[in-house]
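Please consult the sequence and the structure shown below while reading.

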Amino acid sequence: MSKKVGVVGVGYTGFSSVTPDVSWKEIMFQAANRAYHDAGIDPRKDVDSFITCAEDYWEGFSIFDEFVPDQLGSVLRPTCTVTADGLYGLINGYMQILTGLMDIVVVEAHSKISDLLTYNDVLSFAIDPVFNRPLIDLGAHPYYIAGMEMKRYMSETGTTEEQCAEVVRKNKLNAMSNPSAGYEAKINIEDVLSSEELFAPLKRLDISPLADGCVVFVLASEEAAKKLAHDPIWIKGVGWASETSWLENKEWGRAVYAELASRQAYKMANITYPKKVIDFAEVDDKFSYKELQHLEALGLCRRGEAGKSVEEGAFDVDGVLPVNTSGGLLGVGNTLEASGLQKGLEVVLQLRKDAGGRKLPDVECGLAQSWRGVPTTSGAVAIFEV
Amino acid sequence: MTENIKKFYGEELSRKQISDGKITIVEHSPKVKYAWSCGEAMSRFLNELKEGKLIGRKCNKCNRILFPPRMFCEQCFKATNEWVYIKDTGRIMTYSISYVDTHARRIKKPILVGVIAMDGASKNMGIMHYFDEVKSDKIKIDMRVKAVWKRKEEREGAITDIKYFKPLGE
Amino acid sequence: MVKDVAVIGAGMTIFRRRLKETGKEMCFEATKMALDSAGMTLKDVDTVVMGSAPDAFDGIHMKGENLLDGAGGYHKPYMRVFTGGGTGVFAPIAGWWHVASGMSDVCLVVCEEKMSSCYPHPQSAFAHIWDPIIDRPLKPNLMWIFAMEMNRYMHAHNVSKEDIALVAVKNKKNALDHPCAQLGANITVDDVLNSEVIAWPVNLLDVSPPSDGAAAMLLVSEDVVSNHTDNPVWIEGVGWSIDSTMWTNRDLSFPQYVAKAAKMAYKMARIDNPRRQIDVVEPYDPFDYKELHHLEGLLLCDKGEAPVLTREGVTQRDGDLPCCPSGGLLGVGNPIAATMAVKTCEIYWQLSGQAGKRQVPGDPRTGVCQAWGDLMQYGSVMVMRS
C-alpha cells in the first residue's frame with residue numbers, strides 16, 4: 001500500500017459485568033469523548049467518517065444504525081454500521097483512508113450485553129434455522145459447539161485440559177494489572193479443572209464471562225497525523241476471513257478463518273516469519289482452548305505446540321511471546337463485538353508505552369486477532385507497529 | 001441484462017400453498033427479552049413524568065433546550081449543562097390518522113398520532129404522541145394542543161403517563 | 001483515489017412476496033447471474049461484501065454469517081454492512097472502498113432480504129426499530145412515521161395527493177417492462193386515491209410491497225477491467241450521511257441527509273449542475289412521495305418542485321430526467337437491502353445499454369442512484385458514468 005494509516009487516538013470505558021448507571025448512548029459518548037480528547041480533535045469538524053460495529057439482537061433493535069450518530073458526534077456526517085467485531089470496523093476505516101477520500105475516521109465498538117436478559121436464546125437464534133436450531137431447541141446450548149471443537153482440537157494436537165486451564169490462570173493474572181478489566185483473579189489450574197463442567201470438556205472457568213464496555217479508535221492518514229503532531233501507531237497489515245456457515249463442513253480442529261486472515265495480513269505487512277517480527281499478541285480467547293488454537297493458526301507457534309509453550313511460560317508477560325497481557329477476554333470479559341477492538345486497544349497501549357503496570361519493554365510490533373464467536377467461523381487480524 | 005439472461009430465478013409461493021401444508025417449513029419463536037438501562041437523562045425524564053412534569057436539558061454552547069432531554073448535545077458534541085422544565089402544551093408539527101395497529105392489523109377506530117413541538121423547548125423539539133377529543137377531519141398542522149395526563153396514582157414513569165394531547169381550544 | 005472502480009456485472013432474482021428459496025439460495029442465484037454476466041467464476045473474486053437489513057426478517061441473529069456461503073464468501077474475506085434501508089446503495093459503496101483502496105481487485109457485493117420468514121407480518125420486525133423508552137410504549141406502526149413525513153412534506157409545499165399518486169402510476173407502469181417485477185401494473189391516479197387508507201395520508205397503493213429477493217454486483221479495479229469487459233461503467237462518486245436519531249426534533253419536509261450525501265458524491269464526481277449533468281436517476285421510492293422528496297434531496301430540483309416535474313412528464317422514462325425507469329420499489333418490489341437491484345444495478349444496466357425494454361432513450365452517460373433508511377435519517381448516493 002502506498003499510503004500509511006495510523007491510530008492517533010483511543011478512548012475506552014472500564015469493562016464490567018453490569019453498567020446500570022449509563023444507557024447504551026451514554027457509554028458510547030464517554031468512550032468517544034475520551035478518544036477525541038486523546039487525538040486532540042473535534043468530531044464535528046475534523047472527522048470525515050464514522051463506523052460503528054454492532055449486531056441488532058445484541059442491542060435489542062431492528063436497525064441499530066439509527067441509534068448511533070448523536071452520541072458519536074456524527075450527525076449529518078458519513079456514518080455506517082459494520083455488523084461484525086471492532087477489528088472489521090477498523091479494517092473498513094483503514095480502507096476508507098487508503099482510498100484518499102477520508103483523512104480521519106472514527107471506529108466505535110461496544111457491548112451493552114447486560115441489557116439483554118436472554119443471551120442464550122439470542123445466541124441460539126444465530127444457529128442455522130433449518131438444520132441445527134431444532135437440535136438446540138431440544139435443549140442443547142450453543143456453547144456445545146465450542147465444547148465439541150475443543151475436544152477435536154485436543155485430540156488432533158495432543159493438547160491437554162491442564163494446558164487450556166493454564167491459559168485461564170495466565171490471563172486472569174494478567175488482568176490483575178489492568179485497571180479496566182472486569183474479571184481479574186489469582187487462581188491456579190486446579191481451580192479451573194475443578195470448576196463445574198458445563199459443555200464437556202469445557203468447564204465454567206474455561207469460558208469468558210460477558211462484560212459491558214466501549215472502545216473508540218481514531219484513525220488518520222499519515223498527512224493528517226502529522227498535522228495533529230502525533231506519533232501514531234501504524235497499521236501495518238490487516239486481514240479478515242470466513243470459513244463456512246455449515247457446522248457440518250467446518251474444520252473442527254483448526255481455526256481456518258484465522259489462518260486465512262493472518263496470511264492476508266502478513267502478506268500486506270511483508271512478513272515472512274511472523275515469529276521473528278511479532279513481539280506480542282492479543283488473540284481471541286472467548287474459550288481457553290481458543291487462545292492456543294488461534295496462536296497456532298496465526299503461525300506464532302507450531303501446530304500442537306501452543307499447549308506445551310503456555311505451560312513453559314512462553315506466553316507470560318515476561319515470556320518470549322507475551323499473549324493477552326490485557327487479561328484477554330477471560331480476564332477483561334467478553335465484550336462481543338467490542339472484543340476485537342479491545343484487543344487492538346491493548347496492542348496500541350503497549351506500543352505507546354501506556355500500559356501501566358503490565359507494560360512490555362522494547363516492543364515494536366504487535367498483533368490483534370478476533371473471532372466472532374459461536375457459531376461463526378469468521379475473524380479478523382490487524383498488525384500494528386510503532 | 002435482458003440480452004444475456006434468459007431466465008430469472010426464484011419460485012413464487014402462494015399463501016394457499018402454505019396454509020394447505022404444501023410447503024415444508026420450520027417454525028421458531030425467539031425468546032428475546034431486554035431491560036435497557038435508561039441512563040441519566042431518560043431516568044430523570046421518566047421520573048418527572050410520574051410527577052406530571054416535562055423536563056429538558058439545556059446546552060450552554062448552542063443555547064438550545066433539548067427535549068426529550070439528553071446528557072450530550074449532538075450538534076456541539078459536549079455535555080449538556082442544566083435541567084429545564086418545559087410546558088405540557090405545544091403545536092402539532094405533523095400527524096397521521098392510522099387504520100392499522102403495530103402488527104399491521106386493521107383497526108375500527110383510527111388512531112390519531114403525530115409529533116408535537118413543545119412550548120418552552122427550542123424550535124422543532126417535539127415528541128410523538130396520540131391525539132384525542134378532536135375529530136379526524138378537524139385535526140390540523142400547527143394546531144395548539146395540551147397534554148391530558150393519567151391520574152397521579154396511575155402514573156408509572158412512562159411516556160404513556162400522558163394519555164394523549166387534546167386541542168387547546170384557543 | 002488509489003484505483004478507479006468499474007462495475008462489470010450484475011444479477012438478481014425475481015422479487016415476490018414469498019419465494020421458495022432460502023436466503024442462501026437467493027444469494028446464490030443472484031451471485032451466479034452476476035458472475036455469468038461478467039464471464040467470471042468465484043475464483044476470480046477477492047473479497048465479498050454482504051448487504052442485508054434487519055436480522056428479524058430472516059429470523060437469524062448475525063444473519064450475515066449464515067448467508068456467507070450462498071454469497072460466495074466461503075474461505076474469503078467477507079463482511080456485512082448495514083445501514084437500514086440505505087443498504088441497497090451503501091453496500092456497493094462499501095464494495096467501492098474495498099477496490100478503490102487497492103485492497104482487492106475484484107469485489108463481489110451481494111444483497112439479500114427474506115421478509116416472508118417473519119410471521120405473521122414483517123411489520124412485527126419493524127416494531128423494534130423505535131426508541132425503546134420514548135416511542136415503543138406507544139405501540140407504533142412503521143407506517144406512521146412515513147405518514148407523518150408525507151403530511152409534513154405536503155403541508156410545506158402545498159402538494160396534493162393526486163400529484164403524489166402520479167409517481168405510483170408511473171413506477172408501476174415502468175415495472176411492466178421489468179422481468180423480475182412483483183407489482184407492475186397499469187393503474188390510474190384514482191386507483192391510488194381509492195385504495196384502502198393505511199395511515200392517512202398513506203393509501204395502500206402509495207406503498208411498495210414487502211418482498212423476498214437478492215441482488216449481486218461485481219466491482220473491479222482499473223487494473224483488471226480490460227481482462228473482463230470492454231463495456232464497464234465507472235463509479236465516480238459516492239456519498240453517505242446520517243441525521244440525528246431524534247426524528248421528532250427534525251423538520252421532516254426536506255431530507256437533509258440525502259442532500260449531504262449527494263453533495264459529497266457530486267463533489268467527487270465533479271458535478272456542479274446536477275440537473276443538467278445527470279441523465280438518469282433511481283431515487284429510493286418505497287413510497288410515492290419519497291421519490292419526490294428524494295429528487296429534491298438529490299438537488300435535481302428546488303424544494304417543492306418535484307411534483308411539478310412529475311406532472312409535466314419530465315420524470316417519465318422518455319422525459320428529460322427519467323426517474324425510476326426500472327419501475328422502482330413501488331413496481332418491482334421492496335426486499336429492503338436487495339433493492340440494490342433496482343437502484344445500483346439498474347443504473348449499471350442503463351449506462352451499459354443493457355436495460356432492454358426499460359432502456360431510457362438518448363444513450364445516457366451519467367446516472368445516479370440513491371437509497372434511504374433508518375428512522376428517516378439515512379441517505380446513500382452513488383454517481384456512475386459510462
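Predicted model: local features only at pLDDT ≥ 70, side-chain atom pairs only at ≥ 80, totals over all residues.

Which residue in E7(B) is the bridge partner of B:Gly90? The partner is B:Met118.

**Strand pairing in chain B**
- Nine bridges join strand E6 (residues 89–100) of chain B to strand E7 (residues 106–118) of chain B in the antiparallel sense.
- Five residues lie between E6(B) and E7(B), which form a hairpin; in its turn, B:Ala104 has a positive phi of about 65°.
- E7(B) also pairs with strand E8 (residues 126–131) of chain B, in the antiparallel sense and over six bridges.
- Opposite B:Ile116 stands B:Ile127 in E8(B).

**Helix H1 of chain A**
- The 16 residues of helix H1 (residues 24–39) of chain A should span 22 Å at 1.5 Å a residue, and the end C-alpha atoms are 23 Å apart, which agrees.
- Of these 16 residues, 14 are buried, so that H1(A) is mostly covered.

**Cis peptide bonds**
- A cis peptide bond, with omega near 5°, runs from A:Ala200 to A:Pro201; A:Pro201 is in the loop between strands E5 (197–199) and E6 (202–203) of chain A.
- In chain C, the bond from C:Trp200 to C:Pro201 is cis, with omega near 10°.

**Positive phi in chain C**
- C:Cys324, not a glycine, has a positive phi of about 55°; C:Cys324 counts as buried because 29 C-beta neighbours lie inside 10 Å.
- C:Asp363, also not a glycine, has a positive phi of about 50°; with 10 other C-beta atoms within 10 Å, C:Asp363 is exposed.

Notes: Residues numbered from 1 in each chain as written. Chains lettered and ligands numbered in written order. Pairing = 2+ DSSP bridges. Helix = DSSP H or I, 4+ residues; strand = E, 2+ residues; numbered from the N terminus. Expected span 1.5 Å × (residues − 1). Buried ≥ 20, exposed ≤ 12 C-beta atoms within 10 Å, placed from the backbone.
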